Structure formats: structure tokens, C-alpha cells
Amino acid sequence: MKQEKVLVTGGTGFVAIHTIQQLLQQGYTVNTTVRTMQKKDVVVKALQEAGIAHTGRIHFFEADLNSNAGWAAAVAGCRYVLHVASPFPAAEPENPDELIIPARDGALRVLKAAVAAGVQRTVLTSSFAAVGYSNNTPGYVFTESDWTQPETPNRAYIRSKAIAEKAAWDFMEKEGGDMELSVINPVGIFGPALGGISSASLDTVITGIVEGQITETPPFTMGVVDVRDVADIHIKAMLHPAAAGERFLATSEGAMSFADVAALIKKERPQLAGRMADLQPVDNSLYVHISAAKAAKMLNWHARPKEEAILAGADSFYKP
Ligand code: NAP
């Protein structure tokens with residue numbers, strides 16, 4: 001049995017619940033935050049559905065990214081912090097600050113509390129949104145050296161992730177002390193919803209396509225990664241000595257348009273095809289290229305194929 005305690009922020013989230021599941025399975029004790037204790041049961045129920053019998057090793061704390069309250073208690077005694085929580089709504093907010101302020105100030109609150117508590121390493125969940133949205137060059141291969149500039153006129157969510165990650169690295173330079181920071185930059189996260197906990201990526205793309213709400217192919221493609229592999233890379237980055245001070249793109253091989261997702265589901269799950277629109281393929285020049293070579297080389301992290309991530313997501317909504 002491991003003695004280490006890990007704080008995972010935002011236990012009600014899609015990525016967080018899979019990460020907590022893997023940590024508990026590996027013998028860690030887990031602290032997690034919820035915005036209100038009323039949401040505790042959602043997390044416990046999801047873990048029970050996932051077959052976790054050790055919910056005695058998870059402890060709940062109330063904390064909101066918009067407030068200082070609760071963070072010191074949540075992080076006390078933790079060797080590691082995985083700061084996963086950040087607003088990820090399906091719809092664009094009226095005011096971008098609704099996302100930017102909790103993303104940035106919340107990350108700073110968590111980092112400050114972690115430094116004060118003597119945490120060894122924090123892993124921050126950033127996004128490809130903080131990497132690939134200031135460069136439209138066709139064929140360009142994105143790596144961890146690329147940055148989305150906060151001033152590029154992107155959607156609020158994209159800006160929130162770029163601004164929050166940049167603020168986190170700036171904080172580390174000035175006030176990080178002995179604590180280490182690693183950052184994970186996942187692409188679109190799919191894979192199974194656990195115990196009813198889903199997220200905007202799954203809801204928008206999978207149900208949007210299967211229910212026939214998406215009727216045209218938007219002119220872009222996305223990297224795809226499975227939530228189980230995203231949880232795994234967080235734990236690898238938490239533990240690997242060389243991960244300190246590094247950011248890691250997390251993606252499976254290749255990219256998909258919404259038309260590719262629809263074609264895959266139609267082929268492999270024909271029973272779901274009934275309401276799906278006929279989506280037109282996108283031009284080859286629109287395929288995004290994102291390298292996961294760094295995580296493979298440094299962390300020995302390998303993502304399952306994008307098709308498996310999409311189908312596992314579909315299967316968790318529409319039982320095969
Ligand atoms: P999610 O299921 O929507 O989870 C978001 C979590 O953040 C929830 O636990 C939510 O709590 C919490 N949260 C939001 N605002 C908060 C606030 N003001 N105070 C405290 N907690 C707050 O989304 P997810 O997919 O798991 O996302 C997890 C992380 O991965 C995020 O940092 C996201 O940016 C990043 N990411 C996601 C994707 C993707 O495709 N899903 C891709 C790249 C990166 P409530 O349940 O109370 O709302």
C-alpha cells in the first residue's frame with residue numbers, strides 16, 4: 001500500500017473521475033475538491049460503478065476556483081497535486097472572463113496552496129488549446145514548443161487555457177520555490193463516461209452526431225485522445241523525475257473531422273446510424289498534425305488509437 005496522498009481538483013469532472021479511479025486502484029489516498037458537498041455522492045456513485053471498493057481512501061473538500069476558501073485544507077498532507085478542474089462549458093459565455101478568471105486565478109490559488117503545503121510536484125491539466133491556436137499553417141506539426149498567444153482572437157475557452165497555463169509557468173518562476181510543475185496538454189478527450197460523468201467534448205461531438213444535431217461538417221479536424229490515457233499520463237508526469245518543468249502533448253495518432261467520427265460510428269455501430277446526418281468529408285489540408293513523440297520518449301506514454309476512444313465514448317452512452 002502506498003502512503004502518498006494526491007489532491008485531484010474537481011472530482012466531479014470527466015478527466016478527474018478517471019484519474020481518481022486509477023490512483024485508487026494503484027493504492028494512493030486521494031483528496032478531491034467539489035464546489036459543494038452536495039456533489040460528493042456523484043463522485044462516490046461513479047467510483048462504485050467503476051468497481052472501486054475502496055472509497056474509504058477518498059476524502060472530500062469544498063473549494064471553488066473563484067475563492068480562496070478550502071484550498072489549504074484540500075492540499076494539506078499531499079505529496080502531489082493534479083490540478084484538473086477548469087471551466088469547460090459547451091457554449092460560449094457572454095463574457096470571456098467567466099472562463100478566464102476561474103481558469104487563471106483558480107490555477108494560481110491551487111499552486112499557491114500547494115507551495116505553502118510543501119507539495120513536491122503539481123501537474124496542471126492544460127490543453128492543446130494552449131498550444132495550437134495561433135498558427136494556421138497547413139501541414140505544420142505542433143509540438144510542446146508552440147504556444148497559443150493569449151491575444152489571438154480565439155474563443156473564450158481557448159484563451160482561458162492559454163492564459164491559465166502561462167500564468168502557472170510565470171508563477172513557478174517567481175514563487176514556485178522547491179515545488180515542481182508539469183503540464184499536460186490533451187487534445188479532444190473521448191473514451192468512456194464513467195458513472196454518468198461526461199464532459200462537453202463527449203456530449204457535443206458524440207451525442208451531437210448520433211442524435212443528428214450536427215448536420216454539417218465544421219471546417220476543422222481535431223486530435224483525439226482517450227480519457228483513460230489522459231489519466232495515465234497525469235500519473236506518469238506526476239512520478240517521472242524528468243517530467244519536472246515540462247509540458248506534454250497528449251494525443252493519439254492522427255486527427256479526425258466530425259465526418260470521420262460519423263463514418264466510424266456508422267461503420268462500427270450501424271445500429272446508431274438512424275438519426276445521423278450525412279456529413280461531408282473535409283479537405284486534406286485541414287487535418288491538424290500534433291506530435292506526441294515527447295511523451296512517448298520521456299514518459300513511455302502511448303495512447304490507444306483514436307477510433308477506440310470514439311467508440312468507447314459512444315458505447316458508454318448507447319450500450320452496444
Ligand atoms: P468537465 O467534466 O467539465 O470537468 C470540469 C471540472 O472543473 C468539473 O469538476 C467542474 O466542477 C470543475 N469546475 C469548473 N468551474 C469550477 C469552479 N469555478 N470551481 C471549482 N471547480 C470548477 O471537463 P473535463 O473534460 O474533465 O476537463 C478537465 C480538464 O481537462 C480541464 O482543465 C479542461 O480544460 C481540460 N481539457 C479537456 C479536454 C476535453 O476534450 N474534455 C481537452 C483538453 C483539456 P462542476 O462539476 O462543479 O462543474
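Visitor: Setting aside neighbours within four places in sequence, which residues is S198 in contact with?
Guide: This is a predicted model, where local features need pLDDT of at least 70, side-chain atom pairs count only at pLDDT 80 or more, and totals for chains, interfaces and linings use all residues. Residues are numbered from 1 along each chain as its sequence is written, and side-chain values use heavy atoms, with hydrogens and water left out. Contact here means heavy atoms within 4.5 Å. On that basis, the partners of S198 are F14, A193, D203 and F317.

Visitor: What distance separates the side chains of S198 and D203 in their polar contact?
Guide: A polar contact is a pair of N or O atoms within 3.5 Å; within protein, one must be able to donate a hydrogen and the other to accept it, and residues adjacent in sequence count only if both atoms are side-chain atoms. For S198 and D203, the value is 2.7 Å.

Visitor: Over to the ligand: which residues come nearest?
Guide: A residue is near a molecule or strand if one of its heavy atoms lies within 4 Å of it. There are 27 residues around the ligand, and those that come nearest are T12, R35, K39, Y157 and K161.

Visitor: How far is the side chain of Y157 from an oxygen atom of the ligand?
Guide: R35 has a polar side-chain atom 2.7 Å from a ligand oxygen. S201 has a side-chain N or O atom 3.0 Å from a ligand nitrogen. For the N or O atom of Y157 and a ligand oxygen, the answer is 2.6 Å.
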